[in-house]
Amino acid sequence: MPDTDLEIGLQVSEPRDRAKLSRRVSADDAPSVDTDSTAPSSSIEGSLRSSLSQKFTSVRRTSVESIRSTLANATNRSFGGPSYDFLSKDRKGGTDKSSIQGKAKWWHGVFVFSVASLVACLVTLWAPYPIGARVPSEQVAQTPWSDGCQDGLASCICPRETCCADDMTSMIFLTIARSSAFFDYPLYILLFLSKAKNVNNYLQTTMLRCWINFSDFHRVHALFGTVVGIEATSHSFFHLLRWARRRDDIKLLWTSQTGITGLVALIMLPILVLPMAVPYLKNKLSFEWRKGLHYLSVVWGAALMFHAPSRIFYLIGVPLLIYIADRIFGTLFKTYLVENAHFERLGDSSCLVTFENPRGSTFGQQNSSYAYLMLPWLSKNQFHAFSVYPSQRKGHSQICISKAGGWTGELMSEISVPAHKPAFVAGPFLSPFNSPAMDRENLIAVASGIGITPIVSLMKQYLHTQRCINLVWICRDPGLLEWFLQNLEFGHNGFFLVYYTGKRSLVLEKDLPTNVLLYQGRPNLEQTISEIVTCIASGKGVPGGGDGVKCLPNTKTPPQIRAKALLEKAMSIYTPDQLFEYALEVTKAQDRELGLEPLDDDVDFEGVLSLMTQLLGAKAITGVILENFGLFSSDARMNRAGFDDFMVSMLEELDSEDEDDARVSLSDSRQRWMVEAKDVNTLLGSKHLLLPPSTEESCVKSYLSGDGKHSAKHWCMLYCGGSEAVLGQLKQCKWEFGIPLSVEKFDW
């Protein structure tokens, strides 16, 4: 069952009136421009009641007043420090030379080698012997596989039986087939080297990263794999077409080494490429199946090694052997057994894994990284990639897992209560976020759902630096959001905007910093990003909000409304069966101590009280528990049906008591915010005024097009998550504002 410090906060408020605030903009600021939100706001209270009614009996609910409506606009979110703009301004007309990240299109250079290989193919085919393979008809006639050049040709290409083209059509087919293979030779090499993770992880720490973006290797692998799939199909098609039209050469497909190895490679090709490249198949086939089939690439590579003359043996063999050696090294020396990893459910769809950093590993020594996790009690042959970040507990690391498929679904079912279990972790490997974050002074990190985890590493990494990190987090999982809000250490060099899209009320166990803003609804990312840029560059305003977005309090849930909020949280995480089972176990244990025969289906007051205390830590409401217990019990015992009615009745009782308390907590919360805002203004010189930012396009672009520290070349957008809609908006912002975008998605 959950720990006694499980807490829940009621988070209901009214939308911020940005239209009124826009009239308060100072004369030197452009007017604020409102845009539509990506989705309308929803009623938290109504959605929660609907959800609970499916688990328990239907019951009338009373409305709860808004805790706060426009509180965020009445306070000042201040942060920053001394201005060092004069140190970081570039010379007019200068270019940014500070980046140590390889060019985004570095892999274009690989195609230069492909073109060179293609030219070599054409020369070695069509040039006369000894430079090329064209020989006189008389010499061709002396070979056992041809009677000489056909169609009156004086010379033709016929170096060996499998590559004999003694007429013009066959020579054209042979040219197309071999050209596609020669063009792919450099791509074959990169296909295997790009997946040598340990080699790449080491190379990212060397000076080579200034020219080659090793963190981009997965995207390069996917692109080159698609190209090779098309080219290899063309290669096979024209060879088969040439064999089919010339004598009985088609028998070479099963009688020659070239034919047999080519047939094996051709059969492997769709199995390797299509499940990874075709969206329909990616959705239909599980990741485990697709990954398992992809390992047949070793068979494909081995077949190619023996497919043609000796040069392809080395062109394919060396990269393939490096890949295999890298895998063996990673399995033996970079995969660690964690005997007592701690698993804890954060909600109904997320799980936190905490483990001690293995001795001899680099866990905890590098930030912005990911690792592969294998849980032998779920599956002994499945490794899944997750972002890993340092835990607040010294010498420990954490992985946060969100329910996304079969394997993660099994994990959520297995971990109903906190537990210690064994696990294997492989890594860590540097994240794609590492290089772009290192190169920029101003970061806008956007996350959806579990995508917050790699950004947590960045926030820890740059907490005590001058880098300005701004967070935009869209999350529907309340347990996930609550855990990070109460455990994440926020800095003061940026805004942290959290957009909650879930149904249940939130819990805040502590007051959050004033630069952490909570909203209910989905953001308009173009507006939000432009507001962040404007606020940071001008030192004025508070970003976030927008049409259809409500402000939520960022203060600790007051004691007056804590009990109901905690009960709502417990009922959303645990099933009625789990809650009743806990109370029943306590009842049976007490009966055994008293020498009574335990009853199988009923719970007593002590069992219910123990359950409520465990969930709420609320001994002060013992009277409320006793009163409601008496309504649904008989002979001091309560059956399962009565227990369900009791839980709903407790919610009603606490709800009615909390209405007056919520009004008091609103006043206390407002007073705390105003006092803190004044203190921050005094300490930091009132850098951020109580004004909304101007999102006029010309105003935003004037900052980004300048030469100072807030120009576009000093900004970078980072995204991690699985939302295509969010990614699409960020790509639009990239083209509109000129801010580079780096994406980390484990959508393999």
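Guide: A strand is a DSSP run of E with at least two residues, and strands are numbered from the N terminus. The model is predicted. In it, strand S17 covers residues 741–744 and contains Glu744.

Visitor: Is Glu744 buried or exposed?

Guide: The cut-off for buried is under 20% relative accessible area. Glu744 has 1% relative accessibility, so it counts as buried.

Visitor: Which residues does Glu744 touch, leaving out those up to four places away in sequence?

Guide: They are Ser387, Ser431, Pro432, Phe433, Pro454, Tyr719, Cys720 and Gly721. Ser387 is 357 residues from Glu744 in sequence, yet their C-alpha atoms are 9.8 Å apart.

Visitor: Where should I look for the largest nonpolar core?

Guide: In soluble globular proteins, nonpolar side chains tend to be buried together. Here the largest such core has 45 residues, and Trp106, Tyr188, Phe224, Trp300 and Ile316 have the most contacts inside it. Elements giving two or more residues include strand S2 (155–157), helix H6 (168–193) and helix H8 (217–245). H6 contributes the most, nine residues. Another core, apart from this one, has 38 residues, including Cys400 and Phe496.

Visitor: What does Trp106 contact beyond four places in sequence?

Guide: Its partners are Leu190, Trp211, Ile212, Asn213, Asp216, Phe217 and Val220.

Visitor: How do H10 and H12 cross?

Guide: Two packed helices are described by the angle and the distance between their axes. The axes of H10 and H12 come within 9 Å and cross at roughly 145 degrees; the crossing is left-handed. Ile271, Leu272, Pro275 and Met276 of H10 meet Arg290, Lys291, Leu293 and His294 of H12. These contact residues comprise five nonpolar, one polar and two charged.

How values were computed
Residues are numbered from 1 along each chain as its sequence is written. This is a predicted model: local features need pLDDT of at least 70, side-chain atom pairs count only at pLDDT 80 or more; totals for chains, interfaces and linings use all residues. Side-chain values use heavy atoms; hydrogens and water are left out. A nonpolar core is a set of buried Ala, Val, Leu, Ile, Met, Phe, Trp, Tyr and Cys residues joined through side-chain atoms within 4.5 Å. Buried means under 20% relative accessible area, exposed over 50%, partly exposed in between (1.4 Å probe, protein chains only). Helices (H or I, at least four residues) and strands (E, at least two) are DSSP runs, numbered from the N terminus. Contact means heavy atoms within 4.5 Å. Axes are lines fitted to C-alpha atoms, for helices over the stretch in contact, and angles run from 0 to 180 degrees between N-to-C directions. A crossing is left-handed if the near helix is turned anticlockwise from the far one by less than a right angle, and right-handed if clockwise. Ala, Val, Leu, Ile, Met, Phe, Trp, Tyr, Cys and Pro count as nonpolar, Asp, Glu, Lys and Arg as charged, and the others, Gly among them, as polar.
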